[in-house]
Amino acid sequence: QVQLVESGGGLVQPGGSLRLSCTASGSIVSTSPMAWYRQAPGKEREFVAIINVGGDSTNYADSVKGRFTISKDNAKNTVYLQMSSLNPAATAVYYCKVSTIRPCWGQGTQVTVSS
């Protein structure tokens, strides 16, 4: 069974930047699409970004387009989410996902944007 471990969350001021990491067991990052989702308090979990197997195609939610960048390093079995120009609306638990017909989820990492 694949295990996903997110890291890099924390407290950041509005306008700041943060880089999240998701490290997977095995070599799943190189063979499956990988995605980031987030869930804010009292709201449903929502899609944030996805990257294809080849790493040359990405899609983003409109709310983060132009400010967030998803990338991956197959050798490290790790997918990243670089977040910039953060605002309080980005406050949420961020989850890594293996986007297959039988998806796997990480436990999440908390991101809090506040002054």
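User: Is F47 buried or exposed, or something in between?
Analyst: This is a predicted model. In it, F47 is partly exposed, with a relative accessible area of 28%.

User: Which aromatic pair is F47 part of?
Analyst: F47 pairs with Y37 edge-to-face, at 5.7 Å centre to centre and 80° between the planes. Y37 sits in strand β4 (residues 34–39) and F47 in strand β5 (residues 46–51), 10 residues apart.

User: And how covered is Y37?
Analyst: Y37 has a relative accessible area of 17%. It counts as buried because the cut-off is under 20%.

User: What about Y95 and W105?
Analyst: They also form an edge-to-face pair, 6.4 Å centre to centre with 85° between the planes. Y95 lies in strand β9 (residues 92–98) and W105 in strand β10 (residues 104–105), so this pair ties together parts 10 residues apart in sequence. Y95 is buried at 13% relative accessibility, while W105 is partly exposed at 33%.

User: Which residues make up the aromatic cluster?
Analyst: Y37, F47, Y95 and W105 form one cluster. The structure holds 3 aromatic pairs.

User: Switching to the fold. How many helices and strands?
Analyst: There are 0 helices and 11 strands.

User: What does the radius of gyration say?
Analyst: The protein has 13 Å, which agrees with the value near 13 Å for a compact globule of 115 residues. The C-alpha trace spans about 40 × 25 × 20 Å along its principal axes.

User: How much is buried?
Analyst: 42% of the 115 residues count as buried.

How values were computed
Residues are numbered from 1 along each chain as its sequence is written. This is a predicted model: local features need pLDDT of at least 70, side-chain atom pairs count only at pLDDT 80 or more; totals for chains, interfaces and linings use all residues. Side-chain values use heavy atoms; hydrogens and water are left out. Helices (H or I, at least four residues) and strands (E, at least two) are DSSP runs, numbered from the N terminus. The radius of gyration is taken over C-alpha atoms; the globule rule is 2.2 Å times the number of residues to the power 0.38. Buried means under 20% relative accessible area, exposed over 50%, partly exposed in between (1.4 Å probe, protein chains only). Rings of Phe, Tyr and Trp (its six-membered ring) pair if their centres lie within 6.5 Å; planes under 30 degrees apart count as stacked, over 60 as edge-to-face and the rest as tilted.
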